[in-house]
Amino acid sequence: MSAPARAVTVEPTGVPVLILKEGTQRTYGREALRANIMIVRAIAETLRTTYGPKGMDKMLVDSLGDITITNDGATILDKMDVQHPTAKLVVQIAKGQDEEVGDGTKTAVILAGELLRVAEELLDKNVHPTIIVSGYKKAAEEAIKKLQELAEPIDINNDEILKKIARTSLTSKAVHGARDYLAEIVVKAVKQVTEKRGDKWYIDLDSIQIIKKHGGGLRDTQLVYGIVLDKEVVHPGMPKRVENAYIVLLDAPLEVEKPEIDAEIRISDPTYLKKFLEEEERILEDMVEKIYNVAVERMKRDGMEPGKAGIVVITQKGIDEVAQHFLAKKGIMAVRRVKRSDIEKISKATGAKIVSNIEDLTPEDLGFAKLVEERKVGEDKMVFIEGCPNPKAVTIVIRGGLERLVDEAERSIQDAMHAVADAIRDGKIVAGGGAVEVELSKYLREIAPKIGGKEQLAVEAFARALEGLPMALAENAGLDPVENMMKLRAAHSKPDGKWYGINVFNGNVENMMELGVVEPVSIKANAIKAGTEAATMVLRIDDIIAAARREEKEEKEKEKKEEGEE
């Protein structure tokens with residue numbers, strides 16, 4: 001039932017008792033449940049057409065007219081700016097999936113939609129929502145257990161397997177044409193920032209800097225073993241290329257700081273003014289001298305001749321024009337107003353320590369890079385810091401002919417990096433192409449009778465919902481979903497058929513593991529968890545009480561006021 005729900009009539013007097021404020025909307029019972037199911041299914045249907053290698057893209061235009069063209073699930077939901085509270089729940093589930101494993105958002109949302117679709121059929125048979133929820137939770141637990149059993153271990157030093165994982169992630173994106181080239185870059189970048197701590201692998205993907213510049217093609221994208229700064233050298237007299245660079249990282253300005261308190265200096269003689277300005281110059285010159293001397297001391301310690309090495313100063317703050325002049329005179333390259341996150345990445349890459357006071361600078365604080373050079377990329381100048389010894393931070397410079405394509409390439413590369421990182425952490429993979437979903441569906445059908453009761457119906461419904469994913473793959477490839485589903489079931493009934501899935505490029509049912517269509521087990525496991533959680537949360541809601549919107553309240557108050565004045 002749906003009603004404004006202002007009053008509840010209390011018998012036998014027949015006097016209505018007001019419980020909720022005026023303007024409050026209430027939907028309850030079966031109608032509330034159906035409305036919520038319809039909303040989640042509508043969102044799942046929106047994403048369904050983008051699923052798989054043959055999925056289509058969405059164009060999203062925001063209130064300012066900015067355009068986003070993508071088929072990345074998390075981005076679509078984020079930019080859709082949904083209003084309904086149930087729709088917002090789905091968006092949060094997708095964001096959770098994106099933050100946890102970085103890929104598989106569409107799988108989670110489509111699975112949630114399918115679970116609710118089959119739940120509706122059970123509701124029509126008068127199966128209570130709590131029984132469905134209980135059955136779904138048991139089915140999800142069993143499915144994840146089976147998934148871990150099915151998963152095959154990998155050697156994380158085998159770059160070919162990692163490239164297959166990256167390629168699988170990139171196949172369904174707009175960068176499909178350059179997927180082999182980009183997969184290689186992604187694997188090299190992730191392996192470079194991987195560290196072993198104890199017996200576990202630790203991967204901080206924030207150590208991979210991504211810089212976007214439109215112009216060129218996707219194959220002009222490059223991996224830099226170091227950091228690229230979207231800045232230029234501050235003074236034209238400074239060198240634009242420094243080999244064997246000793247790097248000073250500052251969190252302090254190369255300026256004479258203004259006093260905290262209001263100070264006034266009265267000068268009665270022009271010579272005093274000259275001395276005052278000279279003193280300011282001397283302070284700045286001493287700062288530059290200190291940097292130069294510390295760097296030269298480090299060079300001598302390393303057995304490097306000052307003529308064959310150079311000095312680079314990178315600061316988060318500003319550099320005074322007079323200081324720029326002194327730095328240029330000493331042949332020091334300087335870059336200013338660099339983001340804190342970039343300074344931290346340079347520290348990881350070059351081994352330099354971030355210094356907050358120039359007086360505290362010591363030779364041990366300096367980092368090293370074989371080459372620091374200002375280059376023109378597209379229309380802009382950028383500073384490349386390359387050739388760092390064993391850098392724990394790297395940069396991917398993405399190029400592409402169109403700004404929208406470069407944005408989509410960034411999203412695709414992020415997903416692929418997460419997939420490779422997940423595979424290194426898990427050490428296990430499963431096949432894609434709908435293979436694992438059909439195998440899990442077959443397993444759940446086998447164990448459903450053992451669970452018994454009405455929950456058995458929910459477990460069987462869960463199995464049907466899992467089959468919705470390979471059917472979506474087939475539909476998006478223009479294939480007959482029912483026919484392909486029958487072929488898949490037949491293939492999976494054979495002893496060695498567990499990795500058979502749909503090859504969307506030729507329409508055949510083939511062994512996905514042999515084709516190299518593989519995914520980390522955690523992406524699938526997390527998608528099943530997230531999709532089940534979303535569906536069960538919606539099934540438990542039987543009453544929606546929505547307060548009046550603020551604008552409506554204000555309008556009603558205004559009307560009352562006008563009536564009172566009349």
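With which residue does Glu-289 form a salt bridge, and how far apart are the closest N and O atoms?

Modeller: Glu-289 forms its salt bridge with Lys-330, and the closest N and O atoms are 3.3 Å apart (the cut-off is a Lys or Arg side-chain nitrogen within 4 Å of an Asp or Glu carboxyl oxygen). Glu-289 sits in helix H8 (residues 270-301), while Lys-330 is in the loop between helix H9 (321-329) and strand S15 (333-335), so the pair ties together parts that are 41 residues apart in sequence. Helices (H or I, at least four residues) and strands (E, at least two) are DSSP runs, numbered from the N terminus. Glu-289 is partly exposed at 27% relative accessibility, and Lys-330 is partly exposed too, at 31% (buried is under 20% relative accessible area, exposed over 50%, partly exposed in between, with a 1.4 Å probe and protein chains only). Elsewhere, salt bridges that share partners join Arg-48, Glu-114, Arg-117, Glu-121, Arg-464 and Glu-475 into one network.

A word on the source: this is a predicted model, where local features need pLDDT of at least 70 and side-chain atom pairs count only at pLDDT 80 or more, while totals for chains, interfaces and linings use all residues. Residues are numbered from 1 along each chain as its sequence is written, and side-chain values use heavy atoms, leaving out hydrogens and water.

Back to the charges: the whole structure has 41 salt bridges. One of them pairs Glu-455 with Lys-138, with the closest N and O atoms 2.5 Å apart. That pair links distant parts of the chain, 317 residues apart: Glu-455 is in helix H13 (residues 455-476) and Lys-138 in helix H5 (residues 129-150). Glu-455 is buried at 18% relative accessible area, whereas Lys-138 is partly exposed at 36%. Helix H5 also holds Glu-142 and Lys-145, 3 residues apart, about one turn of the helix. Their side chains meet in a salt bridge too, at 4.0 Å from N to O. Here Glu-142 is partly exposed at 22% and Lys-145 is exposed at 52%.

Now for the nonpolar side. The largest nonpolar core has 105 residues, and Tyr-136, Val-190 and Leu-539 touch the most other members (a core is a set of buried Ala, Val, Leu, Ile, Met, Phe, Trp, Tyr and Cys residues joined through side-chain atoms within 4.5 Å). A second, separate core of 50 residues includes Val-294, Val-338, Ala-352 and Val-355.

S5 and S6 run antiparallel, joined by 4 bridges (strands pair if DSSP finds at least two bridges between them). They form a hairpin with 5 residues between them, and Gly-65 in the turn has a positive phi of about 90°. Val-61 has Ile-67 as its bridge partner in S6. Over in S5 is Met-59, exposed at 56% relative accessible area.
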